[in-house]
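Open the model in your viewer and keep the selection tool at hand. The tour starts at one residue, moves to a second, and ends with the whole chain.

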Amino acid sequence: MSTPNPAAVAASPTPRIAQHRTYLMCRPEHFTVSYTINPWMEPANPTDTAKAVAQWQELHDTYVRLGHDVHLIDPIEGLPDMVYTANGGFVIDGRAYGAKFRFAERVPEGPAFMEWFAANGFDVIDPAEVNEGEGDFLLVGDAILAGTGFRSTDDSHAELARVFGKEVISLRLVDPRFYHLDTALAVLDPVEGSSGVEHANIAYLPHAFDEDSQRILAERYPDAIRVSDDDGAVFGLNSSSDGYNVIISPRAKGFEAQLRERGYNPILVDLSELLLGGGGIKCCTLELRR
Ligand SMILES: CN(C)C(=N)NCCC[C@H](N)C(=O)O
């Protein structure tokens with residue numbers, strides 16, 4: 001009779017489960033970089049809108065191929081950052097907490113997204129506080145991790161907790177390159193079973209956070225993947241996961257290997273053109289939770 005090899009058992013990765021997702025995206029038909037509101041944006045550098053659209057299409061088609069539903073909001077001329085739909089709100093249980101953008105250039109996007117939510121059957125909550133939606137708020141299991149320091153305010157975290165009645169954990173970002181939470185932290189698998197959350201894990205870039213936040217993350221997520229500064233610097237964490245398939249930048253080589261070791265299936269999609277605006281895969285993807 002053969003007995004299991006304890007070393008092999010210990011090394012075998014946890015089985016991962018792909019969950020169906022519904023996303024909101026915006027085709028970057030008007031994409032360009034005409035102003036600077038983050039360190040990645042340099043209006044003097046030329047942008048190629050056709051290339052941005054083609055790269056975005058690859059991301060869109062990847063989601064569709066994986067069986068996810070993708071809804072589209074019409075792009076508006078003069079709002080080149082609308083492609084980053086993650087910033088347009090935060091949606092749980094059919095309720096959409098609207099965004100209130102920090103910079104004047106993006107302020108008109110807030111009402112545009114709220115109109116879309118209302119027209120598509122969501123209950124819309126008009127925000128009183130400055131917040132940039134799922135760029136700074138990430139649902140992990142039953143808690144919400146909330147970023148501050150550059151865009152969303154502490155007051156928006158309190159508002160978020162009131163709106164959704166969930167635990168909100170504030171995390172302070174300290175490096176201006178990582179100005180939204182989803183540039184420095186990725187949710188890998190908020191798996192919910194019939195008895196609630198069974199497993200929820202994250203990946204993050206420790207140096208993007210202040211010391212208190214690093215301590216909170218280490219305590220709450222001892223099994224988290226900590227990515228290298230090199231992978232963080234190419235927006236490796238700006239990725240989207242369905243619990244098994246993780247769409248990441250092809251430049252995040254170390255993160256790709258870490259994901260494979262843990263039993264995830266990294267899928268590489270290059271959004272280099274959209275990186276010129278300071279956004280990547282996750283920024284172009286807003287999850288719609290009905
Ligand atoms: C992960 N990130 C950064 C996002 N969720 N959104 C990208 C926003 C880019 C836009 N130019 C800005 O600076 O607001």
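Where is the place of threonine 183? Select threonine 183: its place is in the loop between strand S8 (168-172) and strand S9 (185-187). Strands (E, at least two residues) and helices (H or I, at least four) are DSSP runs, numbered from the N terminus.

Before going further, note that this is a predicted model, where local features need pLDDT of at least 70, side-chain atom pairs count only at pLDDT 80 or more, and totals for chains, interfaces and linings use all residues. Residues are numbered from 1 along each chain as its sequence is written, and side-chain values use heavy atoms, with hydrogens and water left out.

**First stop: threonine 183**

Is threonine 183 buried or exposed? Threonine 183 is buried, at a relative accessible area of 1%. Buried means under 20% relative accessible area, exposed over 50%, and partly exposed in between (1.4 Å probe, protein chains only).

Contact here means heavy atoms within 4.5 Å. Then draw a distance from the side chain of threonine 183 to the backbone oxygen of histidine 180; it reads 2.6 Å.

**Second stop: tyrosine 264**

Next, select tyrosine 264. Look for it in the loop between helix H7 (253-261) and strand S16 (265-268). Tyrosine 264 is buried, with a relative accessible area of 5%.

Which residues are in contact with tyrosine 264, leaving aside its neighbours within four places in sequence? Select Arg16, Leu188, Asp189, Gly243, Tyr244, Val246 and Leu259. Zoom in on aspartate 189: its side chain makes a polar contact with the side chain of tyrosine 264, at 2.8 Å. A polar contact is a pair of N or O atoms within 3.5 Å; within protein, one must be able to donate a hydrogen and the other to accept it, and residues adjacent in sequence count only if both atoms are side-chain atoms.

**Last stop: the whole chain**

Zoom out and switch to a cartoon. The chain has eight helices and 17 strands. Its C-alpha trace spans about 70 × 40 × 40 Å along the principal axes. Colour by burial: buried residues make up 54% of the 290 residues. Among contacts between residues at least 6 apart in sequence, 69% join residues at least 24 apart.
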